[in-house]
Amino acid sequence: MHSINKTPNWEYDSNQLSWERGVFYNSLKSRFWKLTGQSVDVLKNTKGIDPEFCFEVLQVSLGSLNENLLRRLLSRPCSCAGSLVNYNGRFDLLEQPWVTFGLRTIESSLALENGDLKLMDQALAKPHYFKILDSLELLRGCCAEAWEEVTGLLTTCVFVQSTSLRSSSVPSTFGAIYISPKHDWVIPNYIDLLVHESSHYSLYIKSKLAKFLNNPTQLAKSPLRDDRRPLIAVLHAVYVLVRVSFVLKRWIELDYPNRDVASELYEQYRLKAKHGLTVLHDTGEWTVDGVELLRNFDKSVGSITDY
């Protein structure tokens, strides 16, 4: 793995995060140069990259690439540390192409019925956005290393309404988190999703730097879905579950607000993490880097999931 003296692992590490994020942003910079013939300093904004920029660079064809738009997106200020932009707070609240792409990708991935996923009204989204900000502040006190990664990888909240979805993320709109909040959610529910989706982005970057599985498309039982999923998706599920369990366990130990809800979520996720790890052991055909990641899971999962 192209890392700074690190073997692959799930653990939070600010130096590793900074390095891996820089590699990912440099890949965007390289693709921008290939598409336009122009160099651009993508890395001048160290906080994060706008998901609309990622979409334009990764998905839009050369013939329709709008270089002026890309440069405008690069110059647009990012959210302040510890905060996220509220997409639903836009004055016009129109579905931008990158949001439309994200929503359709989620619909296809989850096989949602047509019309089950739509943007949430501004007024309905606003209180949930404030809950997100409150959650980030509490996460910073409870688990600073998780807060650093969440705010380093997530830049934009897109609030949606769906009967089937809780949250999702799409690599081609990197930095965006799509959330369908429920009326009875409390802070640990938001913490759950923020850590969950940022962890998907974290493993997405790692997977661009190293190959973990020789049979990533083999179907296996996922701890997060009823249907059989490609093994790479099971790996994502375990990576996410271990990290969310880690944060929730600390939340419980420090007696943070809504400890009962955190405990309920933790009980669910620790068992699912163990189940998923068993599936990975039984089904995975691992590379050298994959073996190291699996060993890291084995080493850590007991202390995280036993309470």
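Student: Into how many nonpolar, polar and charged residues does the lining of the largest cavity divide?
Tutor: The model is predicted, with local features needing pLDDT of at least 70 and side-chain atom pairs pLDDT 80 or more, while totals for chains, interfaces and linings use all residues. Residues are numbered from 1 along each chain as its sequence is written, and side-chain values use heavy atoms, without hydrogens and water. With Ala, Val, Leu, Ile, Met, Phe, Trp, Tyr, Cys and Pro taken as nonpolar, Asp, Glu, Lys and Arg as charged and the others, Gly among them, as polar, the lining divides into five nonpolar, three polar and seven charged residues.

Student: Which elements give two or more residues to the lining of that largest cavity?
Tutor: A cavity is a set of points on a 1 Å grid over the protein atoms alone where a 1.4 Å probe fits but cannot get out, and lining residues have an atom within 4 Å of a point. The lining here has 15 residues, with Gln16, Leu17, Glu20, Glu149 and Lys206 nearest the centre of the cavity. The elements that give two or more residues to this lining are helix 1 (14-36), helix 6 (144-153), helix 7 and helix 8.

Student: Which helix supplies the largest share of the lining of the largest pocket?
Tutor: A pocket is an open set of such points with protein on both sides within 12 Å along at least five of seven lines. The largest pocket has 35 lining residues, of which Leu110, Ser167, His196, His200 and Arg225 lie nearest its centre, and these 35 divide into 18 nonpolar, eleven polar and six charged. Among the elements that each supply at least two lining residues are helix 4, strand 4 (167-168), helix 7 and helix 9 (259-283). The largest share, seven residues, comes from helix 8.

Student: Is Gln96 buried or exposed?
Tutor: Gln96 sits in the loop between strand 1 (85-86) and helix 4 (97-110), where helices (H or I, at least four residues) and strands (E, at least two) are DSSP runs numbered from the N terminus. Because its relative accessibility is 17%, Gln96 counts as buried.

Terms used. Buried < 20%, exposed > 50% of the residue type's maximum accessible area, 1.4 Å probe, protein only.
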